[in-house]
Amino acid sequence: MKSLPQSPQGVLFDLDGTLLDSAPDLHAALVAYCSEVGAPPAPYTKVREVVSRGSRAILRCAFDESDEALFERMPRYLELYHSMMTRHTRPFEGIDPLLDALESNGLAWGIVTNKPAYLTDDLIHQIGWSKRACAVISGDTLPVRKPDPAPVLLACERAGLDPAQCLFVGDDRRDVQAGNSAGLYSVAVHWGYLDGGDPYAWGADVVLEHPRQLAELLKLKVPA
Ligand SMILES: O=C(O)COP(=O)(O)O
Ligand SMILES: [Mg+2]
(Lines give C-alpha, C1' and ligand atoms only; values in the text may rest on other atoms or scores of the structure.)
(Ligands and ions follow the chains in the order given, each with its own letter.)
Protein backbone atom coordinates (compact mmCIF):
# COMPACT_ATOMS: atom_id res chain seq x y z
CA MET A 1 0.00 0.00 0.00
CA LYS A 2 1.29 3.44 -0.90
CA SER A 3 0.72 6.58 1.06
CA LEU A 4 -1.10 9.52 -0.42
CA PRO A 5 1.09 11.68 -2.72
CA GLN A 6 2.84 14.50 -0.84
CA SER A 7 1.87 17.19 -3.35
CA PRO A 8 -0.94 15.80 -5.51
CA GLN A 9 -1.00 17.20 -9.06
CA GLY A 10 -3.95 15.40 -10.59
CA VAL A 11 -6.58 12.66 -10.52
CA LEU A 12 -7.25 10.26 -13.39
CA PHE A 13 -10.61 8.53 -13.53
CA ASP A 14 -12.12 5.50 -15.21
CA LEU A 15 -15.27 6.56 -17.11
CA ASP A 16 -18.08 3.96 -17.05
CA GLY A 17 -19.07 3.13 -13.48
CA THR A 18 -16.77 5.73 -11.92
CA LEU A 19 -17.59 9.16 -13.37
CA LEU A 20 -20.66 8.26 -15.42
CA ASP A 21 -23.63 6.03 -14.71
CA SER A 22 -23.80 4.79 -18.31
CA ALA A 23 -25.37 1.38 -17.65
CA PRO A 24 -28.98 2.49 -18.36
CA ASP A 25 -28.14 3.52 -21.95
CA LEU A 26 -25.88 0.49 -22.53
CA HIS A 27 -28.80 -1.69 -21.41
CA ALA A 28 -31.35 0.26 -23.48
CA ALA A 29 -29.17 -0.29 -26.57
CA LEU A 30 -29.07 -4.02 -25.81
CA VAL A 31 -32.87 -4.08 -25.49
CA ALA A 32 -33.15 -2.28 -28.87
CA TYR A 33 -30.69 -4.70 -30.47
CA CYS A 34 -32.48 -7.77 -29.07
CA SER A 35 -35.78 -6.45 -30.36
CA GLU A 36 -34.28 -6.02 -33.87
CA VAL A 37 -33.02 -9.61 -33.98
CA GLY A 38 -36.01 -11.10 -32.14
CA ALA A 39 -34.16 -12.26 -29.02
CA PRO A 40 -35.25 -11.84 -25.37
CA PRO A 41 -33.26 -9.04 -23.67
CA ALA A 42 -31.15 -9.58 -20.55
CA PRO A 43 -32.26 -7.92 -17.28
CA TYR A 44 -30.77 -4.55 -16.30
CA THR A 45 -29.08 -5.85 -13.14
CA LYS A 46 -27.14 -8.48 -15.11
CA VAL A 47 -25.92 -5.93 -17.67
CA ARG A 48 -25.03 -3.29 -15.06
CA GLU A 49 -22.61 -5.63 -13.34
CA VAL A 50 -20.48 -6.29 -16.46
CA VAL A 51 -20.44 -2.79 -18.02
CA SER A 52 -16.79 -2.13 -17.18
CA ARG A 53 -15.83 -5.26 -19.13
CA GLY A 54 -17.07 -3.71 -22.40
CA SER A 55 -19.58 -4.43 -25.13
CA ARG A 56 -18.76 -8.09 -25.70
CA ALA A 57 -19.54 -8.86 -22.06
CA ILE A 58 -22.77 -6.87 -22.38
CA LEU A 59 -23.85 -8.83 -25.48
CA ARG A 60 -22.96 -12.07 -23.68
CA CYS A 61 -25.67 -11.25 -21.11
CA ALA A 62 -28.28 -11.84 -23.87
CA PHE A 63 -26.47 -14.26 -26.21
CA ASP A 64 -24.75 -17.42 -25.00
CA GLU A 65 -22.38 -17.56 -27.96
CA SER A 66 -18.70 -17.76 -28.95
CA ASP A 67 -16.51 -14.65 -28.93
CA GLU A 68 -16.56 -14.68 -32.77
CA ALA A 69 -20.36 -14.72 -32.94
CA LEU A 70 -20.57 -11.90 -30.37
CA PHE A 71 -17.95 -9.93 -32.30
CA GLU A 72 -20.21 -9.99 -35.37
CA ARG A 73 -23.08 -8.52 -33.38
CA MET A 74 -20.93 -5.70 -31.99
CA PRO A 75 -21.04 -3.10 -34.83
CA ARG A 76 -24.85 -2.88 -34.85
CA TYR A 77 -25.06 -2.93 -31.05
CA LEU A 78 -22.52 -0.11 -30.81
CA GLU A 79 -24.32 1.83 -33.56
CA LEU A 80 -27.52 1.67 -31.53
CA TYR A 81 -25.65 2.64 -28.35
CA HIS A 82 -23.96 5.56 -30.12
CA SER A 83 -27.40 6.90 -31.09
CA MET A 84 -28.71 6.87 -27.48
CA MET A 85 -25.55 7.42 -25.42
CA THR A 86 -26.76 10.30 -23.27
CA ARG A 87 -30.48 9.65 -22.97
CA HIS A 88 -30.10 8.57 -19.36
CA THR A 89 -26.32 8.69 -18.78
CA ARG A 90 -25.33 11.21 -16.10
CA PRO A 91 -22.45 11.72 -13.68
CA PHE A 92 -22.92 9.77 -10.44
CA GLU A 93 -24.23 11.83 -7.54
CA GLY A 94 -21.34 13.81 -6.06
CA ILE A 95 -19.12 13.74 -9.18
CA ASP A 96 -19.96 17.26 -10.45
CA PRO A 97 -19.03 18.95 -7.12
CA LEU A 98 -15.88 16.80 -6.91
CA LEU A 99 -14.67 17.88 -10.38
CA ASP A 100 -15.46 21.52 -9.53
CA ALA A 101 -13.48 21.19 -6.29
CA LEU A 102 -10.48 19.59 -8.04
CA GLU A 103 -10.39 22.46 -10.55
CA SER A 104 -10.82 25.20 -7.98
CA ASN A 105 -7.96 23.68 -5.94
CA GLY A 106 -5.68 23.65 -8.98
CA LEU A 107 -5.66 19.89 -9.53
CA ALA A 108 -5.94 18.51 -13.06
CA TRP A 109 -8.32 15.64 -13.78
CA GLY A 110 -8.47 13.29 -16.74
CA ILE A 111 -10.04 10.10 -18.08
CA VAL A 112 -8.59 6.66 -18.90
CA THR A 113 -11.29 4.33 -20.25
CA ASN A 114 -11.41 1.08 -22.19
CA LYS A 115 -14.23 2.48 -24.39
CA PRO A 116 -13.26 3.08 -28.04
CA ALA A 117 -12.29 6.69 -28.76
CA TYR A 118 -15.15 7.51 -31.15
CA LEU A 119 -17.62 6.73 -28.35
CA THR A 120 -15.59 8.28 -25.53
CA ASP A 121 -15.05 11.53 -27.40
CA ASP A 122 -18.72 11.97 -28.34
CA LEU A 123 -19.84 10.99 -24.87
CA ILE A 124 -17.68 13.45 -22.99
CA HIS A 125 -18.51 16.16 -25.53
CA GLN A 126 -22.23 15.57 -24.91
CA ILE A 127 -21.70 15.57 -21.14
CA GLY A 128 -19.74 18.84 -21.50
CA TRP A 129 -16.32 17.68 -20.24
CA SER A 130 -14.19 17.85 -23.42
CA LYS A 131 -12.53 21.13 -22.56
CA ARG A 132 -12.18 20.35 -18.85
CA ALA A 133 -10.37 16.99 -18.88
CA CYS A 134 -6.56 17.37 -18.95
CA ALA A 135 -6.21 14.14 -20.96
CA VAL A 136 -8.58 11.53 -22.39
CA ILE A 137 -7.16 8.09 -23.21
CA SER A 138 -9.46 5.45 -24.73
CA GLY A 139 -9.31 1.69 -25.17
CA ASP A 140 -7.91 2.00 -28.70
CA THR A 141 -5.57 4.99 -28.18
CA LEU A 142 -2.75 2.46 -27.67
CA PRO A 143 -2.45 -1.21 -28.70
CA VAL A 144 -2.95 -2.14 -25.00
CA ARG A 145 -5.76 -1.27 -22.56
CA LYS A 146 -6.25 -1.36 -18.79
CA PRO A 147 -5.13 -3.41 -16.80
CA ASP A 148 -1.94 -2.51 -18.71
CA PRO A 149 -0.41 0.61 -17.10
CA ALA A 150 0.52 2.20 -20.47
CA PRO A 151 -2.75 4.17 -21.00
CA VAL A 152 -2.50 5.58 -17.46
CA LEU A 153 1.12 6.61 -17.99
CA LEU A 154 0.24 8.16 -21.36
CA ALA A 155 -2.47 10.27 -19.70
CA CYS A 156 0.11 11.54 -17.17
CA GLU A 157 2.60 12.28 -19.94
CA ARG A 158 0.06 14.16 -22.10
CA ALA A 159 -1.08 16.21 -19.13
CA GLY A 160 2.47 16.85 -17.88
CA LEU A 161 1.80 15.10 -14.56
CA ASP A 162 4.23 13.11 -12.41
CA PRO A 163 2.60 9.64 -11.95
CA ALA A 164 3.91 9.46 -8.36
CA GLN A 165 1.92 12.63 -7.56
CA CYS A 166 -1.35 11.40 -9.12
CA LEU A 167 -4.30 9.23 -8.16
CA PHE A 168 -6.12 6.71 -10.34
CA VAL A 169 -9.76 6.10 -9.49
CA GLY A 170 -11.85 3.21 -10.82
CA ASP A 171 -14.68 0.77 -10.18
CA ASP A 172 -13.05 -2.37 -11.54
CA ARG A 173 -10.13 -4.60 -10.60
CA ARG A 174 -8.51 -3.71 -13.97
CA ASP A 175 -8.42 -0.07 -12.91
CA VAL A 176 -6.66 -0.84 -9.64
CA GLN A 177 -4.15 -3.09 -11.44
CA ALA A 178 -3.42 -0.40 -14.04
CA GLY A 179 -3.09 2.33 -11.43
CA ASN A 180 -0.83 0.25 -9.16
CA SER A 181 1.47 -0.88 -11.99
CA ALA A 182 1.75 2.69 -13.24
CA GLY A 183 2.83 3.80 -9.75
CA LEU A 184 -0.17 6.02 -9.02
CA TYR A 185 -2.05 6.04 -5.71
CA SER A 186 -4.96 3.71 -6.49
CA VAL A 187 -8.53 4.35 -5.41
CA ALA A 188 -11.30 1.74 -5.81
CA VAL A 189 -14.83 3.11 -5.73
CA HIS A 190 -17.79 1.31 -4.27
CA TRP A 191 -20.47 3.29 -6.12
CA GLY A 192 -19.73 1.75 -9.55
CA TYR A 193 -20.40 -1.55 -11.29
CA LEU A 194 -17.73 -3.70 -9.55
CA ASP A 195 -18.05 -6.64 -11.98
CA GLY A 196 -19.44 -8.82 -9.19
CA GLY A 197 -16.22 -8.37 -7.21
CA ASP A 198 -15.24 -6.97 -3.82
CA PRO A 199 -13.21 -3.75 -4.21
CA TYR A 200 -11.67 -4.29 -0.76
CA ALA A 201 -9.91 -7.38 -2.19
CA TRP A 202 -8.28 -5.65 -5.19
CA GLY A 203 -5.17 -4.25 -3.49
CA ALA A 204 -6.21 -0.60 -3.85
CA ASP A 205 -4.53 1.98 -1.64
CA VAL A 206 -7.98 3.06 -0.48
CA VAL A 207 -11.64 2.18 -1.15
CA LEU A 208 -14.20 5.00 -1.16
CA GLU A 209 -17.96 4.82 -0.82
CA HIS A 210 -18.87 8.31 -2.12
CA PRO A 211 -17.15 10.93 -4.35
CA ARG A 212 -17.16 13.44 -1.47
CA GLN A 213 -14.65 11.20 0.35
CA LEU A 214 -12.10 11.87 -2.39
CA ALA A 215 -12.41 15.61 -1.78
CA GLU A 216 -11.98 14.91 1.96
CA LEU A 217 -8.95 12.66 1.35
CA LEU A 218 -7.27 15.38 -0.72
CA LYS A 219 -8.34 18.07 1.78
CA LEU A 220 -9.85 20.10 -1.05
CA LYS A 221 -11.36 23.43 -0.16
CA VAL A 222 -14.95 23.34 -1.43
CA PRO A 223 -15.99 26.67 -3.03
CA ALA A 224 -18.73 28.46 -1.04
O1 LIG B 1 -16.40 0.36 -22.31
C2 LIG B 1 -15.57 -0.34 -21.69
O3 LIG B 1 -14.90 -1.26 -22.20
C4 LIG B 1 -15.37 -0.06 -20.20
O5 LIG B 1 -15.28 1.31 -19.95
P6 LIG B 1 -14.48 1.86 -18.64
O7 LIG B 1 -13.05 1.44 -18.82
O8 LIG B 1 -14.70 3.36 -18.74
O9 LIG B 1 -15.14 1.27 -17.43
MG1 LIG C 1 -15.50 1.20 -15.11
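The model is predicted: local features require pLDDT of at least 70 and side-chain atom pairs count only at pLDDT 80 or more, while totals for chains, interfaces and linings use all residues. Residues are numbered from 1 along each chain as its sequence is written, and chains are lettered from A and ligands numbered from 1 in the order in which they are written.

The protein falls into domain 1 (10–21 + 89–217) and domain 2 (23–83), with bounds that come from an automatic or database domain assignment. A distance of 24 Å separates the C-alpha centres of domain 1 and domain 2. Where they meet, 12 residues of domain 1 are in contact with 11 residues of domain 2; two residues are in contact if their C-beta atoms, placed from the backbone, lie within 7 Å. On the side of domain 1 that touches domain 2 there are 2 nonpolar, 4 polar and 6 charged residues. In this classification Ala, Val, Leu, Ile, Met, Phe, Trp, Tyr, Cys and Pro are nonpolar, Asp, Glu, Lys and Arg are charged, and the others, Gly among them, are polar.

The largest nonpolar core has 60 residues, and V11, W109, V152, F168 and V187 have the most contacts inside it. Such a core is a set of buried Ala, Val, Leu, Ile, Met, Phe, Trp, Tyr and Cys residues joined through C-beta atoms within 7 Å. A residue is buried if 20 or more other C-beta atoms lie within 10 Å of its own, exposed if 12 or fewer, and partly exposed in between, with C-beta atoms placed from the backbone. Helix α1 (residues 23–37) supplies the largest share of this core, 6 residues. Helices (H or I, at least four residues) and strands (E, at least two) are DSSP runs, numbered from the N terminus. Because domain 1 (10–21 + 89–217) and domain 2 (23–83) both give residues to the core, it lies between them.

F168 is buried, with 32 other C-beta atoms within 10 Å. Leaving aside neighbours within four places in sequence, F168 is in contact with L12, V152, D175, A178, G179, A182, L184, S186 and V187. With neighbours within four places again left aside, V152 is in contact with L12, V112, F168, A178, G179, A182 and L184.

V152 also belongs to helix α7, whose buried residues are P151, V152, A155 and C156. Seen down the axis of α7, these buried residues fall within an arc of 145°, so they line one face of the helix; the arc is that of the directions from the helix axis to the C-beta atoms. Among the elements covering the buried residues of α7 are β1 (10–13), β4, β5, β6 (166–170) and α8. After α7 comes G160, with a positive phi near 70°.

Just after α6, G128 takes a positive phi of about 95°.

Ligand 1 is surrounded by D14, L15, D16, G17, S52, G54, T113, N114, K115 and G139, where a residue counts as near a molecule if its C-beta atom, placed from the backbone, lies within 6 Å of it. This shell divides into 1 nonpolar, 6 polar and 3 charged residues.

Most residues other than glycine have a negative phi, and most peptide bonds are trans. The peptide bond from K146 to P147, however, is cis, with omega near 15°. P147 is found in the loop between β5 and α7 (150–159). R174, in helix α8 (residues 173–181), touches K146 and P147, not counting residues up to four places away in sequence. Positive phi values are found near 65° in L194 and near 55° in D195. L194 lies in the loop between β7 (185–189) and β8 (206–208), and D195 is likewise placed in the loop between β7 and β8. L194 is buried, with 20 other C-beta atoms within 10 Å, whereas D195 is partly exposed, with 17.
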